[in-house]
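Student: Could we work through this fold together, taking a helix pair and a sheet in turn?

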Amino acid sequence: MQKPKDPGGTKAKGLSRMNWYRDSSVSVQHPGQGHRAKLEDKVQKELVSSDAQRRTIYALSTPPGKAGVAVVRISGPDALNAWTAMVKPHSSTKRQKSHPEPWKLERCRVTDPKTGDVLDDGLAVFFRGPKSFTTQDVLELHIHSGRAIISSVLASLSRLPGCRPAEAGEFTRRAFEGGRLDLTQVEGLKDLINAETDSQRRIALKTAEGDTRARFEELRASIIKSLAMIEAIIDFGEGEDIEEGVYEQARERVTKLHGTIMHHLSDNRRGEILRSGIRLAIFGPPNAGKSTLLNFLAQRDAAIVTAVPGTTRDILELSLDIGGLPVVVADTAGLRQTDDLVESIGVERARKAVKESDVSLCVLSLPDAILDTADGPRIQIPPSLESLITPNTLFLLNKADLSGSALPVRTPGAKTWVASLNTGEGTEKFLDNFAAALRERYDLSDDQSTQYTPLITHARHRTHLESALRFLEAFLDTPSDDVVLAAEELRYAAQAIGKVSGLIDVEDVLDSVFRDFCIGK
Ligand SMILES: Nc1nc2c(ncn2[C@@H]2O[C@H](COP(=O)(O)OP(=O)(O)OP(=O)(O)O)[C@@H](O)[C@H]2O)c(=O)[nH]1
Ligand SMILES: [K+]
Ligand SMILES: [Mg+2]
């Protein structure tokens, strides 16, 4: 490799660049150190700029309503004061302690701090910061869940100095700002709360536990390692103080990284689809039994079924659990040429829904679709459907009860099932195989090792990963004598990955991530 034209320039120039380098948000220090320093800096800024962290927040953390237990959570510097003011010994013969025993659930009376009135008999636990969810002092009051009890406890808290009601997601935001969770874990926690199927729960739990964080951090660390190699060349010059071939080593590392990121990006959006639900569109000619199928999947009469062709007009969508996978199933209007204005709008919507779906299932009525040829019976696809059929289209040949014995020898797609939704013949096998086909395409394998867990679960991750990939490509395209520019590209690539975990300041992203949380989380 050629030596850099001006390897670091004069010593003075080299120094000033190093200073700039330290000031930039990417550092070649140990990435963990950088992270902590960054977060500390961030928290510090918050403290100076607003009272956000200084105020103690409180909220009901369980759903409102009548129930055995409600949990009121208090986080911040005045949590201990709240304990002193409101948590009293369970029986009047017991002596009041001066301090709570941290992390121990204790029976108590929750009282009004002004009047001393007993509000409820319950339990209290004090988490001393930073060993708490928010990293601040946290007090949890476990009381009975009833409207009057909860409102009296919240009203008492509102009268304590320094305490104010929490905003949506504010407890989690403090956990993030305290460096306890990174952004991917915050997203994972939100997904975990919203998970409705087993596959969603499994992925969200892994993410919340920091699996995604670690995997992105590994990518970033590898970029930073390459960056450090290039920086060494800039400062000392290859062949002088450092060994030959360092630039090639860095290139090799980046080439490998590039491949890894490409692999993650070509995941068929598996993680994102699993999180939001697989969009399945049922389509086919009128009267094939599409709505009957929807009702069968939903196990209730969700859609109108009649013998009149053109019954379904609008799209009817249901979120269902099919074999543990979240599937948003859409029933659509039968596809045919029609002069009816309303029906033709329905047909247009149906086509659009099929094109936008992740998976499409074409339902045909066997007696109508079968065509006798010299080679034996064959399925004929109506012309109005042809443009929507892809190699990924799945087929259900319905009304097997009406087809007599002539079953097709050749199937229209790789995955075709024959059934009668009326008699139930073949439906169980269809459901089993159909769920298996979805799992094959989207789910983690049963062996839950990391390599099967999709890395990307939010569009946000994809955007930053794509941008990192572009910078790595720019690095690989940089002429080897322009090491300063090469280093710059790597620095940008590392920054792009840092945005996924929130290492890099992204206020607008923070707001959007925390907004969807409920109060008390
Ligand atoms: N014999 C028989 N009839 C069926 C079967 N499945 C559905 N049907 C009947 O076929 C007719 C049409 O069913 P739908 O579910 O309304 O069909 P669709 O495809 O939704 O029809 P459109 O909404 O009009 O496009 C109804 O009378 C159903 O009872 C089956 O397996 N065998
Ligand atoms: K119908
Ligand atoms: Mg219908």
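The questions and answers below concern a predicted model.

Student: How are the axes of H16 and H17 oriented relative to each other?
Tutor: Helix H16 spans residues 459–477 and helix H17 spans residues 483–501, and their axes come within 8 Å of each other. The crossing angle is roughly 170°. Because angles over 145 degrees fall in that class, the two helices H16 and H17 are roughly antiparallel.

Student: Which strands form the edges of the open sheet of 6 strands?
Tutor: The sheet has mixed pairing, and its order is E9-E10-E8-E11-E14-E15. A strand at the edge pairs on one side only, and this applies to E9 (316–322) and E15 (416–418).

Student: In what sense do E8 and E10 pair, and which residue in E10 is the bridge partner of Ile 282?
Tutor: Strand E8 covers residues 278–283 and strand E10 covers residues 325–331, and they pair over 5 bridges in the parallel sense. Within this pairing, the partner of Ile 282 is Asp 331.

Student: What angle does the direction of H12 make with that of E8?
Tutor: Helix H12, residues 341–356, packs on the sheet, where H12 touches E8, E10 and strand E11 (359–365). Relative to the direction of E8, the angle of H12 is about 140°.

Definitions and conventions
Residues are numbered from 1 along each chain as its sequence is written. Chains are lettered from A and ligands numbered from 1 in the order in which they are written. This is a predicted model: local features need pLDDT of at least 70, side-chain atom pairs count only at pLDDT 80 or more; totals for chains, interfaces and linings use all residues. Axes are lines fitted to C-alpha atoms, for helices over the stretch in contact, and angles run from 0 to 180 degrees between N-to-C directions. Helices (H or I, at least four residues) and strands (E, at least two) are DSSP runs, numbered from the N terminus. Angles under 35 degrees count as roughly parallel, over 145 as roughly antiparallel, 65 to 115 as roughly perpendicular and the rest as oblique. Two strands pair if DSSP finds at least two bridges between them. Two residues are in contact if their C-beta atoms, placed from the backbone, lie within 7 Å.
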